[in-house]
Amino acid sequence: MTAAGLAFLLVLNTCPAAGAANACDLNNDGKVDAADVQTAIDMALGLAACTANILGPGVCNVIVVERVIGAAMGKTCNTTGLPLPHSATLSWVASISPNVAGYNIYRSNVAGGPYQLLTRSLVTATSYEDKSVQAGLVYYYAVNAVDTDGNSSDYSNEVRAVIPAP
Amino acid sequence: MNLLLPALLFSATLAAQVSAPTVSATPGTRIVLPVLFTNLTGSTVGIQFDLQFDSAAMSLVAVDGDAITGSGKSVFTSAVAPNKRRFLIAGLNGASLNQTSLPGGTLVKLLLYVNPKASAGVHALTFSNLVATNADGGQDIAASTDGSVTVLATSGQGVRLQQTGVVNGASLLPGPVAPGEFLRLAGSSIAPSNPIPGSTIPGATMVFFDGIRAPLLATAPDQIDLIVPYGISGKLTTQMNVMSGAQLLASLTLPVAASAPGVFTLDPTGIGHAGVLNQDGTPNSASNPALRGTAVTLFATGLGQTSPSGVDGKLAWFPLPMPLLPVSVRVGGVESQALYDSAVLDYIAGLHMVVCRIPTNMVPGPAVPLLLQVGTAASQPGVTVAVK
């Protein structure tokens, strides 16, 4: 028995926009320039209080930094929120066993498990969307195959899904 | 049972990948780990991530990787926890801004110093909080591959010295050895607890390179500081034997290079501010920076064979031996005019001084990168000098 290929698929939906028109002027001096970019960087690094409201209140990261850079270079300050909520979509290569009845999907917050069963019934398709993920967390997934006699295979390879924040 | 495993597949449209390597190291030494980046779609212009490491086993300093140099991007870091460092790479360089594609390659070089008392075993380097962005301020999907540092055990396994424990005495980095190089051996029980360096009495520590006895600078049970004999010059490899009297404690075949430069720093772990004298002879520091256009003196080892030829253990005197290989210095990434390089008067052969002029066309700062090039080899990254 072998398991090969690692991965995850993150599918992002939409969420409301946040922030004001001048939100990229982080130091409130009437212009957006390199000083605002440095402020955004300090906020993202945790070196300054996160007071930016560009990607949403309390969100300071490299996306905010890049939006401030864009504004400093003449673009309109982008205050569109990132799509929410998040989900993680898995797909897998089907077991080549002839009598597979379906698959169980498992999830853990720790690499290597222990895993919790995510699905109440067997999944007969070879993909699954986990809509119960939370922003900013990391999940580890594995699946196994179940045959018509109720026998289960070992876990597949594990994949890691990094859910963006927010 | 015959039920075959399904295999989870990667089917997302990944834009960016970062990875840390899996390496081995010896306690008391330094290693350089590249954090590699791949811009799969070319859309990623900025990225951030946290890297968790075992702060009880190692300390970490980061310097810009080759992909960053000259790209207009900068690496910004902070310690979000004692064992977690945050990295953010964006298009801010001085007052200059850009939203160009982030080049692939080495984003960051991690200069890891493995504590002398670090426990043997695998110490994970784990990514988290990975966020990548494109020029529109949208999110690029990114993935990471964790790395690890395997700290090699020496004691209790019959192995007193690993090749990773043979490091430049200035940089503490492993690599090929060069004639006249200050060298540190970091191992386990490689010297008596009450050593008498240079002594020939039974039990005294001696280190030989192809049978040539090396001058010893200092010894401790787990560490020997020595100078590589000039007699290995021109060889491809050398056999190093560590002896205690007539007992062979360790033996390694080491690669030989024409030069293996290391710059001496104020921090004994080989990173940070270089030991530099300003033109007026005062120590260079953030509060006493060198002026652009003035000469500074740095101290280094591993510059290779000299003219006149190096004599093991000899105190330098006139005519002062000068390196055979060409020597150059870069300050803040700008070529500096090398004015003079030679052995240091009245100091043991192997220690060199290099006098160079700080370029006038460089960006000053309290910690400007300083790089010494000797022949085809360069000194360690992470060394700085203060310039205004």
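Helices (H or I, at least four residues) and strands (E, at least two) are DSSP runs, numbered from the N terminus. This is a predicted model, in which local features need pLDDT of at least 70, side-chain atom pairs count only at pLDDT 80 or more, and totals for chains, interfaces and linings use all residues. Residues are numbered from 1 along each chain as its sequence is written, while chains are lettered from A and ligands numbered from 1 in the order in which they are written.

**Backbone details**

D346(B) sits in the loop between β31 (334-343) and β32 (352-357) of chain B. N28(A) lies in the loop between β1 (9-12) and α1 of chain A. Neither is a glycine, yet phi is positive: about 70° for D346(B) and about 50° for N28(A). D346(B) counts as exposed because it has 8 C-beta neighbours inside 10 Å. N28(A), with 8 such neighbours inside 10 Å, also counts as exposed. The classes work as follows: buried means 20 or more other C-beta atoms within 10 Å of the residue's own, exposed 12 or fewer, partly exposed in between, with C-beta atoms placed from the backbone.

| Bond | Omega | Loop holding the proline |
|---|---|---|
| G113(A) to P114(A) | near 10° | β3 (100-108) to β4 (116-117), chain A |
| S307(B) to P308(B) | about -5° | β28 (306-307) to β29 (322-323), chain B |

**Chain A**

Chain A has 2 helices and 7 strands. Their order from the N terminus is β-α-α-β-β-β-β-β-β. Of its 166 residues, 40% count as buried. The average pLDDT (the predictor's confidence in each residue, from 0 to 100) is 80, and 83% of the residues score at least 70. Over residues 1-21 the pLDDT is below 50, though this stretch has 74 contacts in the model beyond near neighbours in sequence. A contact needs C-beta atoms, placed from the backbone, within 7 Å.

The axes of α1 (residues 34-45) and α2 (residues 62-72) of chain A come within 9 Å and cross at roughly 180°. α1(A) and α2(A) are therefore roughly antiparallel (over 145 degrees). Among the residues that meet are V37(A) and I41(A) in α1(A), and V65(A) and I69(A) in α2(A).

**A sheet in chain B**

In chain B, 5 strands form an open sheet, ordered β6-β11-β4-β2-β14, with mixed pairing. Two strands pair if DSSP finds at least two bridges between them. β6 (58-64) and β14 (142-145) stand at the edges with a single partner strand each, so one side of each is left without a neighbour in the sheet. Strands β2 (residues 16-19) and β4 (residues 30-39) of chain B run antiparallel, joined by 4 bridges. A16(B) stands opposite N39(B) in β4(B).

Definitions and conventions. Axes are lines fitted to C-alpha atoms, for helices over the stretch in contact, and angles run from 0 to 180 degrees between N-to-C directions. Angles under 35 degrees count as roughly parallel, over 145 as roughly antiparallel, 65 to 115 as roughly perpendicular and the rest as oblique. Two residues are in contact if their C-beta atoms, placed from the backbone, lie within 7 Å.
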